[in-house]
Amino acid sequence: MSVRRIPFVWKQIGFILYIVLLAPLIFSVIRSGYLYTFDSDELTHVQIVYHMAHGKLPYISFFSIYTPIFHWFLTPVFQLAGFTIDALYAGRLLMIIVFGLRVVMATTLVYLVFDQYLALLFAALFLLDPFTVFNGMQIRPDNLMMLLFTAGLVALLVGLRRRRSGAVLLAGMLISGALVTSIKIVPSIGVVAVFLLWHALRDRHRETFWVFLAGLVLPILMFLFYFAVQGTLGTMLLHILV
């Protein structure tokens, strides 16, 4: 029997049952992410936030292979909570929120590409991934990077389907934000750019590709301009790229 032929009342019952079964899974995932042992990388990022909060400049005052985007993102938490053990858990809570938003964005993406039933299945399978507990909610720039990238994909798909240049521009900016957060996302951005170029040439909507490219380039230029003004552009590129 096709899913679409199932009576509406049974769909409602099925959805309620899904929520009832998913609730303890969500609680377990959040609890595991919050209480999981702190990794040395997490403490490294907190130390970078500490140095920056005390007026030290990355790449000049101390060595770092990361862009400061993630550490700027974390700074308000530690300014409010102080640099204590409790602040580490506050940072974890922030990353749990980031993870939750990433699940929502990824589920929305599956819904837009396929349908609501596969989206609901995807959400459950995503939360069942044991790797999620290990690093999905840790204090790492990768997690912020993936949230921005996934949100960018959602905006891009909406923009392509509804032919909205504003959504395509936003997609480029979000994906660029992921790039300046961590360069690990470069291969994925390359795939998206190639796909979009093919789509633009096939449908003869080349302006779509140029709008996306503009959104992609703008945050990068702003990022580079910031360090150029500081006089640390070359040092920053050397630390991150080499």
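This is a predicted model: local features need pLDDT of at least 70, side-chain atom pairs count only at pLDDT 80 or more; totals for chains, interfaces and linings use all residues.

Here is where I'd like to start: are H3 and H4 parallel, perpendicular or oblique to each other?

Analyst: Two packed helices are described by the angle between their axes and the distance between the axes. Here the partners are helix H3, residues 69–81, and helix H4, residues 85–113. They pack at an angle of about 135°, and their axes are 9 Å apart. Angles over 145 degrees would count as roughly antiparallel, and 65 to 115 as roughly perpendicular. H3 and H4 are therefore oblique to each other. As for handedness, H3 passes H4 in a right-handed crossing.

Leucine 118 has its place in H5, and with a relative accessible area of 38%, leucine 118 is partly exposed.

Now for the charged side chains. A search of the whole structure finds four salt bridges. In one of them, aspartate 39 meets arginine 140, at 3.3 Å from N to O. Aspartate 39 lies in the loop between helix H1 (8–35) and helix H2 (40–53), and arginine 140 in the loop between helix H6 (130–136) and helix H7 (141–162), so this pair ties together parts that are 101 residues apart in sequence. Aspartate 39 is partly exposed at 26% relative accessibility, whereas arginine 140 is buried at 18%.

Arginine 140 also forms a salt bridge with aspartate 41, where the closest N and O atoms are 3.2 Å apart. Because aspartate 41 is in helix H2 and arginine 140 is in the loop between H6 and H7, this pair ties together parts that are 99 residues apart in sequence. Aspartate 41 is partly exposed, with a relative accessible area of 29%.

Another salt bridge joins the side chains of aspartate 142 and lysine 184, at 3.0 Å from N to O. This pair links distant parts of the chain, 42 residues apart: aspartate 142 is in helix H7, and lysine 184 is in the loop between helix H8 (165–181) and helix H9 (186–203). Aspartate 142 is partly exposed at 22%, while lysine 184 counts as exposed at 57%. To finish the picture, salt bridges that share partners join Asp39, Asp41 and Arg140 into one network.

Technical notes: Residues are numbered from 1 along each chain as its sequence is written. Side-chain values use heavy atoms; hydrogens and water are left out. Helices (H or I, at least four residues) and strands (E, at least two) are DSSP runs, numbered from the N terminus. Buried means under 20% relative accessible area, exposed over 50%, partly exposed in between (1.4 Å probe, protein chains only). Axes are lines fitted to C-alpha atoms, for helices over the stretch in contact, and angles run from 0 to 180 degrees between N-to-C directions. Angles under 35 degrees count as roughly parallel, over 145 as roughly antiparallel, 65 to 115 as roughly perpendicular and the rest as oblique. A crossing is left-handed if the near helix is turned anticlockwise from the far one by less than a right angle, and right-handed if clockwise.
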